[in-house]
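Have the viewer open as you read.

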Amino acid sequence: MAFVHVQEDSDFPLQNLPYGVFSTRDEPRKRIGVAIGDQILDVHAIKHLFQGPILSQHQHVFDEPALNKFMGLGHKAWKEAREYLQDLLSARNPVLRDHEELRKRVLVPQVLATMHLPADIGDYTDFYSSRYHATNVGIIFRGKDNALMPNWLHLPVGYHGRASSVVASGTPIRRPVGQMRPDDAKPPVFGACKNLDIELEMAFFVGGGNQLGEPIPIARAHEHIFGMVLMNDWSARDIQKWEYIPLGPFLGKNFGTSISPWVVPMEALMPFVLPNHLQDPLPLPYLVDDNPYNFDINLSVAIKGEGMTEATTICKTNFKYMYWTMKQQLVHHTISGCNVRPGDLLASGTISGPEPESYGSMLELSWKGTKPITLGGGHVRTFLQDGDEVFLTGFCQGIGYRIGFGCCAGKILPAISI
């Protein structure tokens with residue numbers, strides 16, 4: 001139990017302790033913090049208290065305005081930091097509990113903080129690892145007999161995204177403009193996207209990287225995965241449909257990607273680990289992994305349109321429906337010799353489950369616009385309208401506590417006239 005009051009339904013109990021980067025009006029400098037209850041522990045302000053064998057030599061990583069250098073210390077340093085922070089914030093430790101002046105200086109109410117991207121994201125890769133989602137999209141565009149492409153069951157399909165447009169939760173998203181071809185019998189047209197969509201995803205930050213030319217083996221992949229965030233991979237479906245052949249997503253994806261600001265450590269998620277999905281056919285040997293690395297994470301999406309008094313939940317699903325694991329994604333990414341670096345972001349792809357209410361995109365929920373999605377107050381949607389606010393949430397439910405990710409939110413702004 002923490003000495004800081006934590007409500008039972010809080011996302012941030014002592015068992016969680018996610019990392020983030022924040023600032024305040026009184027101290028606008030970005031600094032590293034850890035969420036506990038409705039407070040933020042300013043890790044920069046207590047860096048001198050880290051006296052373990054690794055962090056005593058690397059206290060300077062907590063002076064940084066991003067988590068990259070801390071991530072780069074590796075999994076032993078992450079474990080050392082987590083164990084110390086859990087002890088420091090526990091009710092049995094008097095260092096902060098009984099030191100009122102220090103406690104006031106290092107604990108900041110979350111309502112007074114502005115959250116920022118937790119890391120400098122050098123590279124961003126988005127995978128396509130939910131079999132339910134890939135099958136649904138395949139049926140919509142190619143028909144039931146050709147739903148999955150021939151490679152899908154053999155490797156984690158992915159593409160390199162645009163790191164510069166990854167933004168923290170709360171950042172508005174501008175409706176993109178581009179080329180579309182709504183009528184296949186006519187030339188393309190230019191204008192504002194009409195089929196603007198969400199994609200309910202999760203993503204992980206790479207911790208320790210690898211050298212160029214040296215792949216990460218499956219047996220050690222977990223040592224390179226720092227922690228997870230929620231992600232909304234906003235998608236312009238009509239722009240994407242016209243442009244993606246033959247090289248994949250471009251303008252349909254690069255205008256904005258939102259992530260939640262708190263990075264939940266993998267250690268906090270391990271009590272909720274599940275067996276990996278049975279993969280048939282068996283992957284090639286470099287991807288075979290018998291150690292469980294799937295997770296029971298409850299996920300939901302809600303939309304609040306202009307004129308609505310409250311948000312309506314349109315999707316409830318679970319991360320456990322992923323076919324390819326994060327370790328397999330990372331291993332496949334580096335098998336060519338590609339080097340990943342601390343702060344790189346690797347996303348799951350849309351997370352859909354077996355039932356219609358568990359579909360993680362409006363493309364699926366509305367079945368390409370043919371089935372209206374009912375919101376509160378008589379509002380309906382097939383795709384997003386200007387002014388819509390979208391909220392992604394996720395948590396693991398323990399006995400008497402939950403491990404949560406906070407919220408990943410964004411509001412749609414009108415397109416700029418060209």
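Helices (H or I, at least four residues) and strands (E, at least two) are DSSP runs, numbered from the N terminus. Two housekeeping notes come next. This is a predicted model, where local features need pLDDT of at least 70 and side-chain atom pairs count only at pLDDT 80 or more, while totals for chains, interfaces and linings use all residues. Residues are numbered from 1 along each chain as its sequence is written, and side-chain values use heavy atoms, with hydrogens and water left out.

UniProt, in an unreviewed entry, puts the feature "binding site" at D126, E199 and E201. The record's positions are given in the numbering used here, its feature names are shortened, and annotations may be inferred rather than shown by experiment. These residues span 76 residues in sequence, but no two of their C-alpha atoms are more than 11.3 Å apart, so they gather at one spot. The lining of the largest pocket includes D126, E199 and E201. For the grid-minded: a pocket here is an open set of points on a 1 Å grid over the protein atoms alone, where a 1.4 Å probe fits, with protein on both sides within 12 Å along at least five of seven lines, and lining residues have an atom within 4 Å of a point.

| Residue | Location | Relative accessible area |
|---|---|---|
| E199 | loop between β12 (196-197) and β13 (200-206) | 4% |
| E201 | strand β13 | 0% |
| Q240 | helix α6 (residues 237-243) | 16% |
| T350 | loop between β22 (345-347) and α9 (362-365) | 1% |

**Who touches E199**

Contact means heavy atoms within 4.5 Å. Not counting residues up to four places away in sequence, E199 touches M231, N232, D233, S235, R237, K253, T350, G360 and L392. Some of these come with polar contacts, that is, pairs of N or O atoms within 3.5 Å; within protein, one must be able to donate a hydrogen and the other to accept it, and residues adjacent in sequence count only if both atoms are side-chain atoms. The side chains of E199 and K253 are joined by a polar contact of 2.8 Å. T350 and E199 also make a side-chain polar contact, at 2.9 Å. On the backbone side, the nitrogen of E199 is 3.2 Å from a polar atom of the N232 side chain.

Now for the partners' own neighbours, again leaving aside those within four places in sequence. T350 is in contact with S130, H133, E199, L200, E201, G360, S361 and E364. The list for E201 includes D126, D233, T350 and L392. N232 touches I198, E199, T257, S258, V390, L392 and C408. Q240 is in contact with S235, P249, G252 and K253.

**Aromatic rings**

Rings of Phe, Tyr and Trp (its six-membered ring) pair if their centres lie within 6.5 Å; planes under 30 degrees apart count as stacked, over 60 as edge-to-face and the rest as tilted. By this rule the model has 14 aromatic pairs. F50 and F62 have ring centres 4.8 Å apart and planes at 25°, so they count as stacked. Both F50 and F62 lie in the loop between β3 (39-42) and α1 (68-71), so the pair ties together parts that are 12 residues apart in sequence. F50 and F62 are each buried.

W152 and Y323 make a tilted pair, with 5.3 Å centre to centre and 50° between the planes. This pair links distant parts of the chain, 171 residues apart: W152 is in the loop between α5 (131-142) and β7 (158-160), and Y323 in the loop between β21 (312-318) and α8 (326-334). W152 is buried at 2% relative accessible area, and Y323 is buried at 4%.

One aromatic cluster is formed by Y19, F50, F62, F70, W78, Y84 and F226. The buried residues of α2 include W78, along with A77, E80, A81, R82, L85 and L88.

Key:
Buried means under 20% relative accessible area, exposed over 50%, partly exposed in between (1.4 Å probe, protein chains only).
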